[in-house]
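Subject: Structure handover

Hello,

The structure is handed over below, with the sequence. My notes on what was found in it follow.

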Amino acid sequence: MSRTMEWAARPEHLGGIPRKLLIAIVGTFAKTVSSFLNTTSVHNADTLLHLVRSRPRRVPLITVSNHMSTLDDPAMWGFKGFPIFDTQSARWVLAAEDICFRNALYSYIFRVGKCIPITRGGGIYQEHMNEALERLNDGEWLHTFPEGKVNQEEAPIRRLKWGTASLIARAHITPIVLPIIHHGFHEVMPEKYMFGRRPPLPLWNKKIDIIIGDPIELDLPAMRQKAISQSRSESFPIVGWPSTCDGLDEAAQRCFYATISEQIHAAMERLRCFGKKLVKS
C-alpha cells in the first residue's frame, strides 16, 4: 500500500497544502499534549533547536531516542519554543509499516506527514531504507527509534537495530547524530490501560522529561578500518548484502554497523542515567 503513496511524500504534492494543513493539525495536537495537558521539562533544548534551524547547509541530522509510547512522535516535539509548525524543518521519521500504513487513508496521512514506512524485520536493505538515505543525502533531518519498538519498562536501553547505523555509514555527508532520552510518555499513553489496551485519548496531569544530549562523535574512517580488520578474523552468516560503494563486503559491514550501534547505544545509556539523576534532583 505504501509504495503507491510515495507521491504524497513529495513537497510539491498539491502545492504543499496538504502537508501544511497536516503539520498544523499534528503540531497543535503535540503542543496540547506536551505543553497544556501535561507538564514537560526539557534539558538542553537549545542544542536541538540550533541543529534543526541552523546546522551547516546540506549536512543531515539524525536524532535517536528511546521509544516509550506510540505518542512519542509527534508529542516529543510539542515542547515550548520548538518550531513544530514549520513544514520545511520538520523531521522525517521511520514508521512501522504494519501500524502506520495499514490502509490507504493511514498511508496517505503518514506519507504527507513525512513518515517513511519500514517493515520491522525487513533488514537494512529493504526498499524504503533507500528512501531514508535519499532524505539524508538531501541534508534533511531524520528521527529514528533504533531500539525498534515500544518499551515501557524502566530499563536500560536495549540492543539497537543496525538500520540507523547503516544510514549513517552510507550517507554522502556524515550526519550529525544527536541522542535524546525522554520519560513520561508511557504514562500519557500506556500500552495496557484498560482491558489490556491503550486509552482512547492521551492521559493528562503527567510529568514528561526530555533530555537532549550533545552530538555523538563518530570517527567513521577509523571505525571502518577497524571493521575491515575485524571481519577478516571472524565468521558471520551471509545473507547476500551488496558491497558498499567504498568496497565493504557483508562481513565488514556487519562489524562496521555493530561498532556504530554500540557507540550510539553507549551515548544513549549515559544520557538515560544522567536523566534519571536530573529528574530525581
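Two strands are taken as paired when DSSP finds at least two bridges between them. On that basis, V93 stands opposite H143 in β5. Please keep in mind throughout that the model is predicted.

The sheet

Strand β3 covers residues 92-96 and strand β5 residues 141-144; the two pair in the parallel sense over two bridges. β3 also runs parallel to strand β4 (residues 115-118), to which four bridges join it.

As background, the strands of a sheet pair through backbone hydrogen bonds, either parallel or antiparallel.

Taken as a whole, the sheet is open and has seven strands, in the order β1-β7-β6-β2-β5-β3-β4, with mixed pairing. Its edge strands are β1 (39-43) and β4, each of which pairs on one side only. From one strand to the next, the twist averages 25°.

Burial of β3

Is β3 enclosed or open to the outside? Buried here means under 20% relative accessible area. Five of the five residues of β3 are buried, so this strand is largely enclosed by the rest of the structure. Its side chains split by direction: W92, L94 and A96 point one way, while V93 and A95 point the other way, and all are buried.

A nonpolar surface patch

Which residues form a nonpolar patch on the surface? They are L105, Y106 and I109, and together they have about 260 Å² of accessible area. L105 is found in helix α5, which covers residues 104-112. The cut-off for exposed is over 50% relative accessible area; L105 has 56% relative accessibility, so it counts as exposed.

Annotation

The UniProt record, an unreviewed entry, carries the annotation "domain: Phospholipid/glycerol acyltransferase" for residues 61-185. In the model, the end C-alpha atoms of residues 61-185 lie 24 Å apart. This span is 30% helix and 21% strand.

Regards

Notes: Residues are numbered from 1 along each chain as its sequence is written. This is a predicted model: local features need pLDDT of at least 70, side-chain atom pairs count only at pLDDT 80 or more; totals for chains, interfaces and linings use all residues. Side-chain values use heavy atoms; hydrogens and water are left out. UniProt positions are given in the numbering used here, feature names are shortened, and annotations may be inferred rather than shown by experiment. Patches are made of residues with over 30% relative accessible area and no salt bridge: like charges are joined within 9 Å, nonpolar side chains (Val, Leu, Ile, Met, Phe, Trp, Tyr) within 5 Å. Accessible areas come from the Shrake-Rupley method with a 1.4 Å probe; for residues, only the protein chains shown count as cover. A salt bridge is a side-chain nitrogen of Lys or Arg within 4 Å of a carboxyl oxygen of Asp or Glu. Buried means under 20% relative accessible area, exposed over 50%, partly exposed in between (1.4 Å probe, protein chains only). Axes are lines fitted to C-alpha atoms, for helices over the stretch in contact, and angles run from 0 to 180 degrees between N-to-C directions.
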